[in-house]
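Here are a few exercises to work through with the model open beside you. Try each task on your own before you read the solution.

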Amino acid sequence: MVYEANARVQDPVYGCVGAISSLQHQLDGLRAQLAQAQAEWILDSDDVTYPAATIHMKAGSIAISTVLIMDVVSQ
């Protein structure tokens, strides 16, 4: 309730809904960038790679951690 009250003071019209909406738009943009980077990475790679990303949200910030799982294909 304190967060909602503070958000309403900063943004009287949208309050915390505005902050949540802004974070969701930011998250959508980051997901699109990540998908594009993964596609480019896979196309440029000699090995078959399966990149997996986790998006962490914490108090107004977003962090992306990436883990690679390599599958070496014999030629």
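The expected span of a helix is 1.5 Å times one less than its number of residues. Keep in mind that this is a predicted model.

**Exercise 1. Work out how the span of helix α2 compares with the expected one.**

Step 1: Count residues. Helix α2 covers residues 15-44, which gives 30 residues.

Step 2: Find the expected span. At 1.5 Å a residue, you'd expect 44 Å.

Step 3: Check the model. From its first C-alpha to its last, α2 reaches 44 Å, close to that expectation.

**Exercise 2. Describe the overall make-up of the protein chain.**

Step 1: List the elements. You'll find two helices and two strands.

Step 2: Along the sequence, the pattern reads α-α-β-β.

Step 3: Look at burial. The protein chain has 75 residues, and 12% of them count as buried.

Step 4: The accessible surface is about 6100 Å², with 58% of it belonging to carbon and sulfur atoms.

**Exercise 3. Decide whether A7 is buried or exposed, and find what A7 touches.**

Step 1: Locate the residue. A7 sits in helix α1, which runs over residues 2-10.

Step 2: Apply the cut-off. Buried means under 20% relative accessible area. A7 has 8% relative accessibility, so A7 counts as buried.

Step 3: Look for partners. Skip the neighbours within four places in sequence, and A7 is in contact with G15 and C16.

Step 4: A7 and V17 are 10 residues apart along the chain, and their C-alpha atoms are separated by 8.6 Å.

**Exercise 4. Work out how α1 and α2 are arranged, and which residues make their contact.**

Step 1: Start with the axes. They come within 6 Å and cross at roughly 90 degrees.

Step 2: Name the arrangement. Angles of 65 to 115 degrees count as roughly perpendicular, so α1 is roughly perpendicular to α2.

Step 3: Pick out the residues. From α1 come Y3, E4, A7 and R8, while α2 supplies G15, C16 and A19.

Step 4: Sort them by class. The contact has four nonpolar, one polar and two charged residues.

Terms used. Residues numbered from 1 in each chain as written. Predicted model: local features only at pLDDT ≥ 70, side-chain atom pairs only at ≥ 80, totals over all residues. Heavy atoms only, no water. Helix = DSSP H or I, 4+ residues; strand = E, 2+ residues; numbered from the N terminus. Buried < 20%, exposed > 50% of the residue type's maximum accessible area, 1.4 Å probe, protein only. Contact = heavy atoms within 4.5 Å. Axes fitted to C-alpha atoms, helices over the stretch in contact; angles between N-to-C directions. Parallel < 35°, antiparallel > 145°, perpendicular 65-115°, else oblique. Nonpolar A, V, L, I, M, F, W, Y, C, P; charged D, E, K, R; others polar. Areas by Shrake-Rupley, 256 points an atom, 1.4 Å probe, with all protein chains shown as cover.
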